[in-house]
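Hello,

Here is the structure for you to look over. My notes on it follow below.

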Amino acid sequence: MALRSVRHYPGFFSIAMLCLIILYAPLIVVMVYSFNDSPSITNWGGLSLRWYFDVFTGPEAPRFRAAAWNSLTIAVLAATIATAIATAAALAMLRAGKFKGRSLTFALINLPLMVPEIVIAVATLIFFTMIGFTTGYLTILIAHITFCIPFAYLPIAARLQGIDGSYEAAARDLYATRAQSFFLVLLPLMAPGVISGYLLAFIISLDDFIITNFVKGAGMETLPTAIFGSVKQGIKPNIMAISTLMLGVSILFVTLSYLINRKGRQSP
Amino acid sequence: MAAPTPTTAPDSGASSDATYRSARVPLLLPTWLVIGFFLILPVALMAVYSFLTKEMRGGVIWEFSLAAYDQFFINRGLFGDEPASLEWTYISVFGRSIAQAATATTLCLLIGFPTAWFIATRAPATRGVWLFLITVPYWVNLLIRTVSLRFLIRENGPLNDALLGSGLIAEPLALINTNFAVQLGLFYSYLPFMVLPIYAAVERYNFTLSEAAADLYASRWVTLRDIVLPIVKPGIIAGCLLVFIPSLGAFLAPNLLGGAKNFMIGSLIEEQFKRSLGNWPFGAAVSMILMSLVLVLLLLYARSMARAEAR
């Protein structure tokens with residue numbers, strides 16, 4: 001009883017519930033209104049999927065489809081490349097002994113998290129303009145790879161840190177080459193961290209608005225910049241349908257990452 | 001986490017710790033190149049840019065000039081012929097941004113600390129569910145979250161409908177396009193950043209200290225103030241920084257929720273690059289000032305952490 005009472009503070013439960021309500025209320029409201037069968041966003045006209053059909057076949061559909069394609073391919077490429085870079089870096093940081101410049105490299109990996117997003121956006125735009133690189137798909141991709149690296153690195157390094165060195169030592173004792181012991185022993189053990197890092201990098205890339213908005217150049221859109229452009233003229237019901245779809249994708253990915261990590265924690 | 005097996009000798013890890021010693025440089029090279037070339041070099045070029053002369057069509061002339069910083073700090077009148085005095089326009093944009101970010105941080109702390117405490121005192125299985133529920137919104141697209149909030153709190157939006165319907169208010173609340181809407185937006189955007197580090201600190205807190213305090217007749221709230229808060233302070237400071245820093249340079253919340261009156265640093269910078277009347281060196285200078293502010297905060301934090309560890 002004494003143990004319970006020092007942990008219990010009156011009102012804290014209500015505040016925690018309030019916290020959840022604040023975090024979820026706007027999302028739930030938009031989700032509900034995306035099924036509204038009414039061209040007005042204020043009045044409720046019954047349940048319908050018409051705005052979902054509108055997203056795929058309506059007047060704005062080609063624009064959104066192109067933007068979604070760009071967003072998706074950039075996210076896949078950026079997450080893949082960033083995960084490969086981050087996996088290599090994690091091996092060097094955690095399995096290559098102590099070396100000079102290790103803490104500097106660690107700071108370097110985390111730098112994209114420390115510089116304000118808008119500053120990265122400005123610096124990247126100035127850089128590409130200065131070297132005469134035309135802004136577009138490739139500049140967005142390069143910027144996304146750069147800021148995805150720390151997001152991929154953190155779960156991978158956390159996972160690698162928890163893997164005992166004896167597994168690899170056993171493989172080497174049994175005459176596995178370093179490449180064999182990496183691909184057959186270490187990588188499968190690291191997989192939950194690598195997948196988690198990949199998924200987080202993917203979502204972070206899909207999510208980005210500010211940096212993309214600066215380096216995209218004229219005519220190129222990703223989903224967030226296309227949505228921002230539409231919202232500037234007012235929130236329309238089709239925007240709520242797109243938002244709900246993207247919401248579903250994000251929640252699916254985070255849930256996957258969570259489940260993979262939890263499963264990874266149960267096995268060695 | 002893999003628990004080390006009891007048969008593992010403490011030094012058996014040491015040899016495999018260095019398996020990739022010979023491959024260190026090729027393994028790190030991609031990271032060094034990408035971050036060096038696409039982040040550090042651009043920031044350095046931005047610093048150079050802030051000391052160049054602006055060109056009328058949005059570009060620059062390669063001539064050294066302090067004009068950008070001069071424009072930020074010094075007022076010389078409309079035609080540049082009056083005695084120099086301190087220019088308040090841009091300093092007040094920074095002041096307003098700092099005030100907005102500070103209010104949002106305070107709100108986050110007031111809601112985030114009790115939430116983190118509540119989660120950390122649950123049974124382990126329940127904790128996992130709560131943490132998951134707190135983290136999910138962070139991974140949802142920030143633009144979509146901000147648009148959703150705008151939809152919810154707008155003049156004839158669902159929030160006002162509900163409040164009017166329940167008879168709590170007689171007139172719809174004018175929330176949108178106010179300072180408060182921006183603070184609410186920042187609070188809503190970064191709340192998970194406050195909860196998670198405080199949770200991590202409270203989880204490590206030794207509750208027998210609270211029991212000892214209770215045995216010595218300290219009330220709950222005295223215990224919280226004098227025992228708990230000093231111990232979990234590092235988590236609180238980390239949470240405050242994680243909310244304050246992105247709030248300071250935020251673009252979406254002020255832009256979508258605040259309207260023209262509630263201009264913050266992010267919009268000031270964006271205007272210099274995205275509008276036809278843009279001034280790139282000035283935008284670069286404002287970005288430099290913002291980045292310096294953030295780096296000073298992070299250095300102070302690192303120093304206070306190092307001092308706390310030394311103690």
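Between them, chain B and chain A bury about 9,100 Å². Carbon and sulfur atoms account for 77% of that area. Keep in mind that this is a predicted model.

Three residues stand out on the chain B side. Tyr20(B), Trp139(B) and Phe151(B) supply 9% of the area that chain B buries against chain A.

By element, helix 2 (residues 24-49) of chain B gives the largest share of the side that touches chain A, with 18 residues. That side of chain B divides into 65 nonpolar, 17 polar and ten charged residues. The contact as a whole takes in 92 residues from chain B and 99 residues from chain A.

What about polar links? There are zero salt bridges between chain B and chain A. Polar contacts do occur: 14 residue pairs across the interface, with both residues at pLDDT 80 or more.

On to chain A. UniProt, in an unreviewed entry, places "domain: ABC transmembrane type-1" at residues 68-257 of chain A. That span is 81% helix and 0% strand. Its end C-alpha atoms lie 22 Å apart.

Last, confidence. Chain A averages a pLDDT of 87, and 97% of its residues score at least 70. Within chain A, helix 4 (residues 61-94) has the highest confidence, at a mean of 94. Helix 1 (residues 2-7) of chain A has the lowest, at a mean of 63.

Best wishes

Terms used: Residues numbered from 1 in each chain as written. Chains lettered and ligands numbered in written order. Predicted model: local features only at pLDDT ≥ 70, side-chain atom pairs only at ≥ 80, totals over all residues. Heavy atoms only, no water. pLDDT = per-residue confidence, 0-100. Helix = DSSP H or I, 4+ residues; strand = E, 2+ residues; numbered from the N terminus. Contact = heavy atoms within 4.5 Å. Buried area = accessible area lost by both parts, 1.4 Å probe. Salt bridge = Lys/Arg side-chain N within 4 Å of Asp/Glu carboxyl O. Polar contact = N/O pair within 3.5 Å; in protein donor to acceptor, adjacent residues only side chain to side chain. Nonpolar A, V, L, I, M, F, W, Y, C, P; charged D, E, K, R; others polar. UniProt positions renumbered as here; feature names shortened; annotations may be inferred.
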